[in-house]
Amino acid sequence: MRRLLFLTKGELIRLNKYKVTTISILVAFIWFLVLFFIEDDAILNKMLPFILMVDATMMSVLFIGSIMFFEKSEQTISTILVTPTTYHEQILSKAIANTIHMLFSSLLVVLVFYFVRGIEVNVIFLILGLLISIFSHSLLGFVFSYHAKDFTSMLMMVMLYSFIFMIPSALFQFGILFKADFWKYILLISPTQASTFMIESGLISSLKLEAILSFVILIILTLLGYFFYIYPKYKHYAVKQSGV
C-alpha cells in the first residue's frame with residue numbers, strides 16, 4: 001500500500017509536470033463557458049450531465065494515453081521496471097492519479113453551477129458516479145495505448161469509440177432518437193451511457209434503477225477488463241518498451 005501511495009503521488013506530480021493538470025482545468029473552464037450561456041434550465045439539466053460524462057470518459061482516456069506516450073518517449077517504463085514495484089501498482093497508480101485530478105476538474109464545474117445557477121446536487125451519488133466513470137475509462141486508456149502506434153492513431157481510435165458509443169447516448173439524452181422506454185436499458189451496454197446515468201443520479205438527487213444497473217455493469221466491465229486484458233497486456237507492453 002505504501003508503494004502504491006508513493007507511486008500515485010509521483011504520477012500526480014508528473015501529471016502536473018506534463019501540464020495535463022493545467023489542460024484539465026482549462027477544459028473545465030471551457031465546459032463552464034459552454035454551459036453558463038444556456039439560459040433554459042431544461043436544456044441545462046440535459047447538457048450538464050452529458051458534458052460531465054464527456055469530461056469523465058473521453059478526457060480520461062486521452063489523458064492516460066498522453067501519459068503513456070510521454071513515458072514511451074522518455075523511456076520511463078524501463079526505469080520503473082528495475083524498482084521493487086509490481087505491475088498492479090504501476091497500472092493502478094496511473095489510474096488513481098488520473099481519477100483524482102479528473103474528479104477535481106469535474107467537481108469544479110459542478111461547484112460553480114451549484115452557486116451560480118443553484119443546481120441540486122447529491123454529493124455522494126455524484127462523486128460515486130464520477131469516480132467509477134473516470135477510473136473505468138482511465139483503464140480503457142491503457143487499451144488504446146497498447147494498440148496505438150502513436151498519439152495520432154490513438155486519437156483516431158478514440159474518435160471511433162466516440163462515434164460508436166457516444167453518439168447513440170447523445171441522441172437518447174436529447175430525445176432525438178431511441179425514445180422508447182426500453183432503449184434506456186439496451187443502451188446500458190454502452191459505458192458512456194452507463195456513466196451518464198450514474199452522473200445524472202447525482203444531479204437529480206435520486207437513485208433510479210438504470211443508475212443502479214449502470215453501477216453494476218461498469219464495475220463488472222472494469223474488473224473483467226482489468227484482470228483479463230489490461231493487466232496481462234501491460235506486462236507485455238512494459239517488457240517491450242524496456243527493450244528486453
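Okay, let's start with charge: the protein chain carries 17 positive and 13 negative side chains, and the centres of the two sets sit 12 Å apart. For that count, Lys and Arg are positive, Asp and Glu are negative, and His and the chain ends are left out. Each charge is placed at NZ of Lys, CZ of Arg, CG of Asp or CD of Glu.

Some housekeeping. This is a predicted model, where local features need pLDDT of at least 70, side-chain atom pairs count only at pLDDT 80 or more, and totals for chains, interfaces and linings use all residues. Residues are numbered from 1 along each chain as its sequence is written, and side-chain values use heavy atoms, with hydrogens and water left out.

How confident is the predictor? The mean pLDDT (confidence in each residue, from 0 to 100) is 86 for the protein chain, with 98% of its residues at 70 or more. Helix H4, residues 76–81, has the lowest confidence, a mean of 74, while helix H6, residues 123–147, has the highest, at 92.

Now the fold. We've got 10 helices and zero strands in the protein chain, counting DSSP runs numbered from the N terminus: H or I of at least four residues for helices, E of at least two for strands. The radius of gyration is 18 Å, close to the 18 Å from the globule rule for 244 residues, so the protein chain is as compact as a globular protein of that length. That radius is taken over C-alpha atoms, and the rule is 2.2 Å times the number of residues to the power 0.38. The C-alpha atoms fill a box of roughly 55 × 35 × 35 Å along the principal axes.

What share of the 244 residues is buried? It's 47%, with buried meaning under 20% relative accessible area, exposed over 50%, and partly exposed in between (1.4 Å probe, protein chains only). As for contacts (heavy atoms within 4.5 Å), take those between residues at least 6 apart in sequence: 81% of them join residues at least 24 apart.

Two residues to look at. Lys19 is in the loop between helix H1 (2–17) and helix H2 (20–36), and its phi is near 70 degrees, a positive value in a residue other than glycine. Most residues other than glycine have a negative phi. Lys19 counts as exposed because its relative accessibility is 52%.

Then there's Ile43, in helix H3 (residues 41–74). At 43% relative accessibility, Ile43 is partly exposed. Ile43 and Gly175 are 132 residues apart in sequence, and 11 Å apart in space, C-alpha to C-alpha.

Notes. pLDDT is the predictor's confidence in each residue, from 0 to 100.
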